Amino acid sequence: GQLAGMGVVFVMFVLGGVILAMAFVRMRARRRSRKDMYRLVHFGAANGLNYAPGVQDGSYLTPWAERGKLKVVEALATRQGRPVEFGNFELTEIAGLGGRSTTFGGYAATRVQTPLPHIRLESRRVKRLSVTGSAKRDQHLSLEGDFDNSFTLLCPAGYERDALYLFTPDVMARLMDAAGDFDVELIDDWVFLSSPRDVVTLDPKRWESVVGAMDAVVSKIRQWEQWRDDRVPQNHLQSRGHVAQGGRRLSIGVGGGTILTVVAAFAALS
């Protein structure tokens, strides 16, 4: 029993070392040379975008900032038209047993004129093991056709009809074509596209993918802004509605990473 516990602890230390090494490599790869920054400045100028280099406090992305310490690692934002921001992020969350988990990735974000229920489309192309928690199974909504092969749709219990109104088959078809490796999240008056891969890069093909995915979302924002939560009686009297308490956030269960940590700790102590 002691040998088994020591073996589990050893494996956990090795996994922890691998994760730390991967995080170090990822952060180091994000360090821009002056030449790369110069190229991104000119890229932004040619495409109507303002480039903000370096690490910034991401608390202005309020729904995400609620989850932990959010850093924006360089960003490009539109100068005219609908405000859209493209950026890379680091999100550090509190994990099981007081530990911390840092997620790296890229995002594209814009805002809508009315709050929306918390709905997530998770790409099945992304391999994920949540340490801090994942949405409970009763919030998974099955989609028609082949959409279930591309995305997992998550919505608060009781908001299934609203989710199908917001993510109609034509929207899903466009997202399958343009946003297959992105998660799409509606939360409060924000719309986020996110990916484990960086968004602000010097790769033209990556930019084509990001812009195509965002265009697919923006094309339906006017329709989404017409949505009102009929559970809130005063919504029909206001130009900007509200979301009932039950629809504002998905319910989060225990993440797989937390379960593994607890099992390892139990084995080590037994």
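1. Let's start with a helix pair: the axes of helix 5 and helix 6 come within 9 Å and cross at roughly 175°. That makes helix 5 roughly antiparallel to helix 6. Axes here are lines fitted to C-alpha atoms, for helices over the stretch in contact, and angles run from 0 to 180 degrees between N-to-C directions. Angles under 35 degrees count as roughly parallel, over 145 as roughly antiparallel, 65 to 115 as roughly perpendicular and the rest as oblique. From helix 5, Arg174, Leu175 and Ala178 meet Ser209, Gly212, Ala213, Asp215, Ala216 and Val217 of helix 6; a contact means heavy atoms within 4.5 Å.

2. A word on what you are looking at. This is a predicted model, in which local features need pLDDT of at least 70 and side-chain atom pairs count only at pLDDT 80 or more, while totals for chains, interfaces and linings use all residues. Residues are numbered from 1 along each chain as its sequence is written, and side-chain values use heavy atoms, with hydrogens and water left out.

3. For orientation, the chain has eight helices and nine strands. These are DSSP runs numbered from the N terminus, with helices (H or I) of at least four residues and strands (E) of at least two. Buried residues make up 43% of the 270 residues, where buried means under 20% relative accessible area, exposed over 50% and partly exposed in between, with a 1.4 Å probe and protein chains only. Among contacts in the chain with a separation of 6 or more, 67% are between residues 24 or more positions apart.

4. Back to helix 5, which spans residues 169-178 and has Val171, Met172 and Leu175 buried. They lie on the same side of helix 5 because they cover an arc of only 95° around the axis, the arc being that of the directions from the helix axis to the C-beta atoms. The face turned away from this buried side of helix 5 carries the exposed residues Pro169 and Asp177. What do the buried residues of helix 5 pack against? Their partners are strand 4, strand 7, helix 4 (160-166), strand 8 (183-195), helix 6 (204-218) and helix 7 (221-224).

5. Not counting residues up to four places away in sequence, valine 171 touches Leu166, Lys220 and Trp224. Valine 171 and serine 219 are 48 residues apart in sequence, yet 8.7 Å apart in space, C-alpha to C-alpha.

6. Next, the nonpolar interior. A nonpolar core is a set of buried Ala, Val, Leu, Ile, Met, Phe, Trp, Tyr and Cys residues joined through side-chain atoms within 4.5 Å. Of the 44 residues in the largest one, Phe86, Leu121, Phe167, Leu175 and Trp224 touch the most other members. Helix 6 gives the largest share of this core, six residues. Apart from it lies another core of 12 residues, including Val72, Phe89, Leu91 and Ala109. Leaving aside neighbours within four places in sequence, phenylalanine 167 is in contact with Ile119, Leu121, Leu153, Met172, Leu175, Val184, Leu186 and Trp224.

7. Strand 7 (residues 151-154) is covered on both faces: Phe151 and Leu153 on one side, and Thr152 and Leu154 on the other, are all buried. Strand 7 pairs antiparallel with strand 4 (residues 100-123) over four bridges, and with strand 6 (residues 140-141) over two bridges. Two strands pair if DSSP finds at least two bridges between them. Serine 123 has phenylalanine 151 of strand 7 as its bridge partner, and leucine 141 stands opposite leucine 153.

8. Strand 2 and strand 3 form a hairpin with five residues between them, and glycine 81 in the turn has a positive phi of about 75°.

9. Finally, two backbone details to check. Which residue other than glycine has a phi near 65°? That is glutamate 74, which sits in strand 2 and counts as buried at 3% relative accessibility. Aspartate 188, also not a glycine, has a positive phi of about 55°. Aspartate 188 is in strand 8 and is partly exposed, with a relative accessible area of 24%.
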